[in-house]
Structures are given as C-alpha cells and as structure tokens.
Amino acid sequence: MRFKIPSTFQLAGIVWTVEEVPGLEDLGLTHRDSQLIQLQAGATKQTKEIAFFHEIVHAIKYTMGEDDHDEIHTDALGHLLHQVITTMK
C-alpha cells in the first residue's frame with residue numbers, strides 16, 4: 001500500500017497538523033498544546049513514515065490523558081503501526 005503522510009488528521013474531533021521542518025534535530029516531535037507534529041524534513045521517506053507513526057502514538061496517548069510516555073513502548077507501537085498500514089492490500 002502506498003502511504004502518504006497527511007498534512008492534517010483528527011483525534012477525538014481535534015485537528016492535528018503535521019509539518020516537515022528542515023534542520024529539526026529529532027526525527028519527530030509532538031506538541032500536545034498546539035496539536036502539532038513536526039518531522040525532520042531531511043529524513044528518508046521510510047524514516048519519516050516511522051517517525052510519523054511514533055508521533056501518532058504520542059498524540060493518541062495525550063488525547064487519552066496520558067502524559068507519561070514510555071519511549072520504548074511508543075517506538076514499538078509506532079513501528080508496528082507503520083508495518084500494518086504500509087503492508088495492507
């Protein structure tokens with residue numbers, strides 16, 4: 001399946017924005033208060049996709065009221081979501 005990172009998406013009726021940022025030090029960042037996900041513009045397509053799903057997990061957890069995020073768990077879920085979404089037929 002061809003996957004394209006969206007410019008916006010919704011969680012619980014709230015619109016989140018996704019932007020690619022040149023020179024971003026991290027592969028991705030989630031800004032809870034402004035409903036913004038930033039991705040490193042210079043990363044490869046696959047790396048950006050995986051970072052996007054990783055940040056989606058953070059956004060979901062924030063939406064659920066969880067502020068303490070285990071990065072190992074978040075990373076694992078992000079990788080698994082990436083695999084499911086990009087391999088659907």
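**Exercise 1. How many residues has α1, and what distance does it reach from its first C-alpha to its last?**

Solution. This is a predicted model, in which local features need pLDDT of at least 70, side-chain atom pairs count only at pLDDT 80 or more, and totals for chains, interfaces and linings use all residues. Residues are numbered from 1 along each chain as its sequence is written, and side-chain values use heavy atoms, with hydrogens and water left out.

Step 1. Helices are DSSP runs of H or I with at least four residues, strands are runs of E with at least two, and both are numbered from the N terminus.

Step 2. Helix α1 has 19 residues and reaches 26 Å from its first C-alpha to its last. The expected span of a helix is 1.5 Å times one less than its number of residues. For α1 the expected value is 27 Å, and the reach is close to it.

Step 3. After α1 comes Gly65, which has a positive phi near 90 degrees.

**Exercise 2. State the order of the strands in the sheet and the sense in which they pair.**

Solution. Step 1. Two strands pair if DSSP finds at least two bridges between them. The sheet is open and consists of 4 strands in the order β1-β2-β4-β3, with mixed pairing. Its edge strands are β1 (8-11) and β3, each of which pairs on one side only. From one strand to the next, the twist averages 20 degrees.

Step 1. The pairs can now be taken in turn.

- β1 and β2 are antiparallel, with 4 bridges; here Phe9 stands opposite Trp16 in β2.
- β2 and β4 are parallel, with 5 bridges; Glu19 stands opposite Gln38 in β4.
- β3 and β4 are antiparallel, with 4 bridges; Thr30 stands opposite Ile37 in β4.

Step 2. The hairpin of β3 and β4 has 4 residues between the strands, and in it Gln35 takes a positive phi near 50 degrees.

**Exercise 3. Is strand β4 enclosed by the rest of the structure or open to the outside?**

Solution. Step 1. A residue is buried under 20% relative accessible area, exposed over 50%, and partly exposed in between, using a 1.4 Å probe and protein chains only.

Step 1. In β4 (residues 36-40), 5 of the 5 residues are buried, so the strand is largely enclosed by the rest of the structure.

Step 2. In a regular strand the side chains alternate between the two faces of the sheet. In β4, Leu36, Gln38 and Gln40 lie on one side and Ile37 and Leu39 on the other; as these residues are all buried, both faces are covered.

Step 3. Glu25 is placed in the loop between β2 (14-21) and β3 (28-31), and Glu25 is exposed, at 77% relative accessible area. From Glu25 to Leu36 there are 11 residues in sequence and 16 Å in space, C-alpha to C-alpha.

**Exercise 4. Determine which residues of α2 are buried and where they lie on the helix.**

Solution. Step 1. Helix α2 (residues 71-87) has 17 residues, and its reach of 24 Å is close to the 24 Å expected.

Step 1. The buried residues in α2 are Thr74, Gly78, His82 and Thr86. Seen down the axis of α2, its buried residues fall within an arc of 80 degrees, so they line one face of the helix. The arc is that of the directions from the helix axis to the C-beta atoms.

Step 2. Contact means heavy atoms within 4.5 Å. What covers these buried residues includes α1 (45-63).

Step 3. Thr74 shows this in detail: its relative accessibility is 0%. Beyond four places in sequence, Thr74 touches His54, Val57, His58, Lys61 and His69. A polar contact is a pair of N or O atoms within 3.5 Å; within protein, one must be able to donate a hydrogen and the other to accept it, and residues adjacent in sequence count only if both atoms are side-chain atoms.

**Exercise 5. Which residues does His58 touch, not counting residues up to four places away in sequence?**

Solution. Step 1. His58 lies in helix α1 and is buried, at 8% relative accessible area.

Step 1. The residues touched by His58, beyond four places in sequence, are Thr30, His69, Glu71 and Thr74.

Step 2. Of these, Thr30 belongs to strand β3 and Thr74 to helix α2. Thr30 is buried too, at 16% relative accessibility, and its side chain forms a polar contact of 2.5 Å with that of Glu55.

How values were computed
Axes are lines fitted to C-alpha atoms, for helices over the stretch in contact, and angles run from 0 to 180 degrees between N-to-C directions.
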